[in-house]
Amino acid sequence: MDDIVKKIKEVEASSLSDTEKLQHFVNFMALLKPVDNSEALILACTYGISSAQRLSRPEMEAQFYITRAKVFIMQTGALIHEMKNITLAPHWFQFALDSEKKRYADLDMQVKKIWSDVQINIEKAFEAINKNRIAGAVAFVLKTTGEVYGQYYLQLRLYCFRSKSPFYARLANMKFFRWIGIDDLFVLNKEARNKLKTVKNDCLTNLYKAVALFKKYKNYNYLADALLALSTEYRSFQSPIRSKFYLAQAERLIKKYKITELEGNLALMRRWEPF
């Protein structure tokens, strides 16, 4: 990790032209993973934004912003899990220690700060892409935004989880209640459910728009990837029929056009346990 960060800093400090630097940062953005290389990817995106701004390339600026948002949203999961480990113990009703209470407050502050940064980066991405609506860049921003909101949905659902008792938690986890979509009634209040509905709509709206663009320009590699993303999100939303429908569409494209780079993702999704 340190070596990659060092290389990124060397590119920024070098005498390369902004055009050359931008290409390097694009390469880093394409190759680095949001979870495994988060620090390096954030740095590459930050430098990439500056290079794109100097070159008046808002379509590239937008892609760096939305990629940075995707990295940020990946950082909150572990924090929320730690918060829930504190408050979801059997018969828990208040903090036993001041240190425990302080830790929870610190974690809560970190989560909210990251979520705020995510939204800021999403807004900046759309502000930039609207200055130069190149189809491929627009579709990339839409698809990635959908994936970011999908992650946010899962995190927010856990964050807002409030079970009255283990009995209600067990009810919420029953397949029947999950299948008919009323499991949240047992563990989430009305405000949380409304917020989750909004986030879900944002996720799907952006993904559907991305799919439409990829179809329009017959970019089947990216279309298959977007369909896999739709399948993934519908699975998160506990809609197995829709999830399987989009998975089948993606599989058809992957086989028809021999999109080998997506075969691993397809196989992974096929191995997921059914609902």
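Helix 7 (135–159) supplies ten residues to the lining of the largest pocket, the largest share of that lining. The model is a predicted one, in which local features need pLDDT of at least 70, side-chain atom pairs count only at pLDDT 80 or more, and totals for chains, interfaces and linings use all residues. Residues are numbered from 1 along each chain as its sequence is written, and side-chain values use heavy atoms, with hydrogens and water left out.

**The largest pocket**

- The largest pocket holds about 1,500 Å³ of space; a pocket is an open set of points on a 1 Å grid over the protein atoms alone, where a 1.4 Å probe fits, with protein on both sides within 12 Å along at least five of seven lines.
- Its lining consists of 39 residues, a lining residue being one with an atom within 4 Å of a point.
- Lys70, Lys143, Glu147, Asp225 and Asn265 are the lining residues that lie nearest the centre of the pocket.
- At least two lining residues come from each of helix 2 (18–31), helix 4 (58–73), helix 7, helix 11 (190–216), helix 12 (220–236) and helix 14.
- The lining divides into 21 nonpolar, eleven polar and seven charged residues, where Ala, Val, Leu, Ile, Met, Phe, Trp, Tyr, Cys and Pro count as nonpolar, Asp, Glu, Lys and Arg as charged, and the others, Gly among them, as polar.

**The protein chain**

- The protein chain has 14 helices and zero strands; helices (H or I, at least four residues) and strands (E, at least two) are DSSP runs, numbered from the N terminus.
- Of the 275 residues in the protein chain, 44% are buried, that is, under 20% relative accessible area with a 1.4 Å probe, protein chains only.

**Tyr65**

- Tyr65 is found in helix 4 and is buried, because its relative accessible area is 7%.
- Beyond its neighbours within four places in sequence, Tyr65 is in contact (heavy atoms within 4.5 Å) with Ile49, Gln53, Asn121, Lys124 and Ala125.
- Tyr65 and Ala125 stand 60 residues apart in sequence, yet 5.2 Å apart in space, C-alpha to C-alpha.

**Helices 13 and 14**

- The axes of helix 13 (residues 240–256) and helix 14 (residues 263–271) come within 11 Å and cross at roughly 145 degrees; axes are lines fitted to C-alpha atoms, for helices over the stretch in contact, and angles run from 0 to 180 degrees between N-to-C directions.
- Leu247, Ala248, Glu251 and Ile254 of helix 13 make the contact with Glu263, Leu266, Met269 and Arg270 of helix 14.
- The residues of this contact comprise five nonpolar, no polar and three charged.

Notes
Points joined across faces, edges and corners; volume = space filled by probe spheres on them. Buried < 20%, exposed > 50% of the residue type's maximum accessible area, 1.4 Å probe, protein only.
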